[in-house]
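User: I would like to go through some of the side-chain interactions in this model, one question at a time.

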Amino acid sequence: MDPAAGAPIDWTRTGGSVTRLATLVLAGALMAACSSTTSCRVPHDCPSAQRCVNGGCADLDGTPGALGEACRTNTDCGSGLTCSTASQGYPGGFCSAACTTSPACGASAACTPIASQQLCTPSCTTDSACRQGYGCCATLGDVCVPTAACPPPACMRQPITSALPAAQVTQFGNLQVGTDVKFSVPPNTGSITIVQQAQIAGLTVVYKNSVIDNSAVPLTITKPDGGLAYDDLDGGAGTVASPDGGIDPSGEYAYYGGGTPNTAAFTIPNTSASLAEGVPAGDWHFTVNDYANECTFVSGCNDGGTNLDIYEVSVITRPAPPTGNMEVAFYIVADMTNSTGAPLTASNALADPYVQRFVSTFQTFLSRAGITATATFYDVTAADRARFGTNISADVTGPCSELSQMFTISSAHPGNTMNLFLVQSLRSASSGGNTVVGIDGTIPGPSSMNGTVSSGAVVSAADLFAGSLTSCGTNPNMAGCGPDRVAYIGAHETGHFLGLFHTTEEDGANFDPLADTMKCACTTCASPTQRPNCGSTSVSSPSISADRCVSGSCGGGDTLMFWLLQAGVSLGNLSSEQGQVMRLNPLVQ
C-alpha cells in the first residue's frame, strides 16, 4: 500500500520520477464496545452513551440532560436543547442548541462552528471534562466537540459547492457512511463524478500497524441495470493479470487509485471498458464510505474504525459529446524574479517571454488531448508566499498538511479552473536522490470546487527562467529549455487531476486502466541485471527508466503520463483514450 496522496513527479538533470498511488483496498477490524457499571469523577470516565451521575456511570433514565450530555432523542435533553444524534456524527448523542453568538449559550459554553452548523458546546480546559468520543478542542476555542470535528491548528477543510450550473449538480446534503444514494443520469451523459467532502471524519486510520489517510471512496457503485460498476472490497484490478507480467485494470469498468482523504472525487469513465460502454442513463446507486467505515467490518485495521463519519455528498453529470475548453489558474506562490530581474507578479507574468514560452508549451501538451487551455495568473498574499513558497514537503500529504492547505488558497477565485501552484521548491526524503518538483492533491481532483484541500496541483517553477530561450527551438524541448520542463510538469499534473494514471509505474508491474497506452513491463523491459528482481519482496524492485521503454513491446516512455521525465526521451505524447478521459472530466466544458 502507498498512503501518499496525489501523484508526485521528481526531476533531475538525468531524469525524474513520478509515483502515483497504488491501488488500495482497505480491510478493517470490527471494534466492539462493552459496557459495565463503573465509578466516575469526570464525564470522560464514562462510555459516550452514559452520563456521570452521583459518582457512577448511568444509562439514560429519562432525566433531561444538560448541555453536552448524552441523548437518544430530543426528550433526553433539557429545556431549549435538542439532540444531535450518533447517526449525525455525535457519539452517544449530544444535547445542544443552535446559536449565532456565544452569550446565547450561557455561562461556561460557546457558540461553535461544527461542520455547516453553529451549536452551543461546553467550555473546557482538558479532555477529561469532555465525554468519551469528544475532546477539548483548542482550535475551536477550548470547547467539547466530537474528536473528528476538531481540526488541527491552521487546518482548513471546509466543503465547497460546485461552480457548475445547477442542472449538472445534484446535492444530497450531509450523509453518514453506509447510506445508499440513488441518483438519476440523463440521456447523453458523458461522465459522472461522485464527490464526498468530509463534515465530520477522522484524518487517519491504522492499517496493519501503518498510519494511513482516511480516504473517502464509494463502497459500491451500481448501474441502472443492477450491474456492479465498482466495489471497493473486491480487489478490482488485482485479479486481472496482464500478459506482460503486471496488473492490467483496463477491463474494469471503474478504477480507483487511492489516496483521497477528506475531499474525494470519483469520475466515470476512466478505463477502456467504461469508455467503450459509456455512462448509461437511468437510476444509479452508490454507498457513502471511507476507510474508517471499512475498518468496522473487515480485518486488518488496528485503529480508527467508525461508521459515524459524515460527508457532504454531490453528483456531477457532464453532457456528451466532450468539448475541449479549460480555464487554467496559475498561482504565483514562489518569491521569484522574472527575466528582467523584477518580482514575478500576475500583472507582468504574461508579458515575460519565458512565461509566454511556458504557457505556449503547456497549451501544446493539452492540445494533444483536444483541449484548448486559457491561462490566468494570480498573486497570493505575502503570508502565503512565506508559508508555502519554498521547501514545502511532498511526503506529508494529509488534508491538514502544508501541501493540502496551500490548495485552499484557490477559494479566493471561485470557478471551474485547473489550479496550478508555482512554488520555488519542494522537499522529499523518499525521492531516491531526485528532486521532487510536482504533486497533485488527488486523482482525479474535485473539479469545479475551488478551495478544497485537493483543489489543484503544485509545480516547482525553479527552472522557469533557466537557460536561454534561443536553445528552446520550435518544438517542446525538455532537455534544453527550462520553461518547457516546467510546462511538462504542469501538464503531467493536470493529466492526473483530470483522471489519468501513470501508463507504467516505476516497478514495471502496475499500469494504467487504458488499453491503448503502451506499457513497459519489468519482466521484459528491465535491464538484464535487474530483471531477476522483478516482483520480488525480498530485494529492491527494479526502476524502469524511460529510455528502456521506447520500442517494440517496451513502450510508453515518451508519453506525458509515464512515471519518469527523462531528457531526450520524454515527448509528452497522449493516446486517444487518454484524451477522452481528460475531455470527459467536468473541468473541461
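**Salt bridges and a buried threonine**

Analyst: In this predicted model, Arg51 forms a salt bridge with Glu69, and the closest N and O atoms of the pair are 3.7 Å apart.

User: How many residues apart in sequence are the parts that Arg51 and Glu69 tie together?
Analyst: Arg51 belongs to strand S3 (residues 51–53), while Glu69 sits in the loop between strand S4 (56–58) and strand S5 (82–84).

User: Which residue forms a salt bridge with Glu277?
Analyst: A salt bridge needs a side-chain nitrogen of Lys or Arg within 4 Å of a carboxyl oxygen of Asp or Glu. For Glu277 the closest N and O atoms of the pair are 3.1 Å apart, and the partner is Lys223.

User: Where does Lys223 lie?
Analyst: Glu277 lies in helix H1 (residues 272–277), and the pair ties together parts that are 54 residues apart in sequence. Glu277 is partly exposed at a relative accessible area of 44%, whereas Lys223 is buried at 11%. The position of Lys223 is in the loop between strand S16 (220–222) and strand S17 (228–231).

User: Are Asp512 and Lys519 buried or exposed?
Analyst: These two residues form a salt bridge, with the closest N and O atoms of Asp512 and Lys519 3.3 Å apart. As for their accessibility, both Asp512 and Lys519 are buried.

User: How many salt bridges does the count come to?
Analyst: The pairs include Arg51 with Glu69, Glu277 with Lys223 and Asp512 with Lys519. Under the 4 Å rule, the count comes to six.

User: Which side chain does the side chain of Thr452 join in a polar contact of 2.6 Å?
Analyst: Thr452 is placed in the loop between strand S27 (435–440) and strand S28 (457–460), and Thr452 is buried, with a relative accessible area of 1%. A polar atom of the Thr452 side chain lies 3.1 Å from the backbone nitrogen of Ser454. The side-chain contact of 2.6 Å is made with Ser455.

User: Which residues does Thr452 touch, not counting residues up to four places away in sequence?
Analyst: Touching here requires heavy atoms within 4.5 Å. With residues up to four places away in sequence left out, Thr452 touches Ile160, Gln197, Thr263, Ser404, Phe407, Thr408 and Pro446.

Terms used. Residues numbered from 1 in each chain as written. Predicted model: local features only at pLDDT ≥ 70, side-chain atom pairs only at ≥ 80, totals over all residues. Heavy atoms only, no water. Helix = DSSP H or I, 4+ residues; strand = E, 2+ residues; numbered from the N terminus. Buried < 20%, exposed > 50% of the residue type's maximum accessible area, 1.4 Å probe, protein only. Polar contact = N/O pair within 3.5 Å; in protein donor to acceptor, adjacent residues only side chain to side chain.
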